[in-house]
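Here are my notes for you on this structure. Read them with the model open beside you.

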Amino acid sequence: MNKILSISLAVLILILALVLLLVPARLEQGTNQVNAYEGPPASVAAQALHQTLIVGDLHTDTLLWQRDFTRESDYGHVDIPRLQAGNVAMQMFTAVTRSPTGQNYESNSSQTMDTITALALVQAWPLRTWGSLAERALYQAERLHKAAAEHPEQIALVTNQSELAAWQLRREAGEPVIAALLGTEGSHALDGELANIDRLVAAGYSMVGLQHFFDNKLGGSLHGHSGEGLTDFGRSAVKRMLELEIMIDVAHSSEAVVREVLAMSDRPLIVSHTGFNGHCDTPRNISDELMVQIADAGGLIGVGYWDAAVCDPSPDGIVSAIRYGIDLLGLEHVALGSDYDGAITAPFDTSQLALLTDAMLRAEFTEKEIRLVMGGNMLRFLQQQLPEGE
């Protein structure tokens with residue numbers, strides 16, 4: 001009898017080990033896909049110019065997935081070797097903590113079952129993350145801290161202007177080190193407690209998104225049911241974020257929330273990953289009129305690489321959205337916001353970003369326009385908006 005129990009237990013352990021080994025990879029392979037670009041490769045001139053750029057991306061959800069992002073993978077969109085291959089200098093890593101089953105851009109209920117809980121279980125995240133959204137954000141921050149500590153020659157965690165300046169000196173000296181920053185995908189990570197804002201800052205978060213795919217305690221989502229603005233808790237949270245000099249991301253926020261935050265804030269806002277409604281009329285993109293207000297207040301808009309953001313997810317289609325944004329808002333307000341590893345299908349992974357530089361050259365962008373959109377605007381924004389540090 002004991003022998004049978006021992007064998008049964010061993011079989012169960014083996015099955016569990018196989019699930020933990022195989023299922024997370026299979027899930028991501030079916031989620032973060034590349035619809036391989038079949039056009040010509042980037043020209044020699046584009047590749048040469050691309051290697052001289054400071055390239056930055058305002059949004060990737062890579063920390064959500066359990067694969068080792070310090071090693072190159074043949075699936076997903078982002079890891080450190082592929083960032084270096086794409087000459088990416090600055091990457092904002094955004095933590096997803098809750099997402100509804102059947103999520104869509106039209107309407108999602110806050111009562112819908114959460115898919116990130118299941119993902120945390122399957123990926124064997126620490127027990128503390130299973131029931132706490134704050135702990136999920138903190139765990140994802142720990143993963144980035146660990147990677148930076150183990151690979152200091154490749155990753156520099158940046159939380160303030162002093163760290164940014166130190167990283168920039170290394171980059172100018174020829175080191176291929178990546179400035180890694182932390183942001184949240186929605187403020188579900190607060191778990192409804194203002195004190196968690198301070199915990200996120202202490203963990204290295206410098207940007208906080210307010211909403212994701214459904215209404216939350218702070219206010220309405222662009223994809224929720226209410227369409228409402230900030231709640232009393234939301235106003236208190238925004239006030240505390242401003243006090244701590246946190247960069248506020250209104251991607252996924254209802255238009256009412258965006259207007260209220262604009263009225264409250266003396267600091268410019270970020271829309272980390274989006275498109276422009278006048279260019280691509282989908283429920284994912286807020287009105288051009290509101291985008292202009294964000295830009296007029298000094299804001300920065302990250303253009304995404306997927307269909308609901310730009311309608312034509314190809315290098316030329318993304319560049320068309322960028323041109324529209326420049327014409328609408330002004331050159332200094334447009335940046336990159338891929339939404340890599342965020343359950344999208346992209347036309348290329350981050351190692352192939354020279355394709356965007358090539359498409360810009362073919363679309364007769366000036367070198368100044370290319371340099372600012374590809375990362376110069378993001379660098380300037382960080383230099384101005386990160387807290388000073390020591």
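1. Start with strand β3, residues 88–96. Of its 9 residues, 9 are buried, so the strand is largely enclosed by the rest of the structure. Buried means under 20% relative accessible area; exposed means over 50%, and partly exposed lies in between (1.4 Å probe, protein chains only). Strands (E, at least two residues) and helices (H or I, at least four) are DSSP runs, numbered from the N terminus.

2. A word on the model. It is predicted: local features need pLDDT of at least 70, side-chain atom pairs count only at pLDDT 80 or more, and totals for chains, interfaces and linings use all residues. Residues are numbered from 1 along each chain as its sequence is written, and side-chain values use heavy atoms, with hydrogens and water left out.

3. Which strands pair with β3? Strand β2 (residues 55–60) does, in the parallel sense, over 4 bridges. The chain crosses from β2 through helix α3 (residues 80–85) to β3, and this β-α-β crossover is right-handed. Right-handed means that, with the strands pointing away from the viewer, the path from the first strand over the helix to the second runs clockwise. Val55 has Val88 of β3 as its bridge partner. Strand β5 also runs parallel to β3, joined by 7 bridges. Two strands pair if DSSP finds at least two bridges between them.

4. Thr184 sits in strand β5, residues 178–185. Is Thr184 buried or exposed? It is buried, at 1% relative accessibility. Beyond its neighbours within four places in sequence, Thr184 is in contact with Ala95, Leu200, Tyr205, Met207, Val208 and Gly209. Contact means heavy atoms within 4.5 Å.

5. Look next at Asp249, in strand β7 (residues 247–249). Asp249 is buried too, with a relative accessible area of 1%. Not counting residues up to four places away in sequence, Asp249 touches Met207, Val208, Gly209, Leu210, Ile270, Val271 and Ser272.

6. Turn to charge. Side chains of opposite charge can pair when their charged atoms come close. The structure holds 21 salt bridges. Each is a side-chain nitrogen of Lys or Arg within 4 Å of a carboxyl oxygen of Asp or Glu. One joins Glu28 to Arg67, with the closest N and O atoms 2.9 Å apart. Glu28 lies in helix α1 (residues 2–29) and Arg67 in the loop between β2 and α3, so the pair ties together parts 39 residues apart in sequence. Both residues are buried.

7. Arg323 and Glu369 also meet in a salt bridge (3.0 Å, N to O). Arg323 is in helix α12 (residues 315–329) and Glu369 in helix α14 (residues 367–385), so this pair ties together parts 46 residues apart in sequence. Arg323 is partly exposed, at 23%. Glu369 counts as buried, at 13%.

8. Arg128 is partly exposed, with a relative accessible area of 33%. Glu135 is buried, at 17%.

9. Finish at Leu127. This residue is in the loop between α4 (115–122) and α5 (133–150). Leu127 is exposed, with a relative accessible area of 64%.
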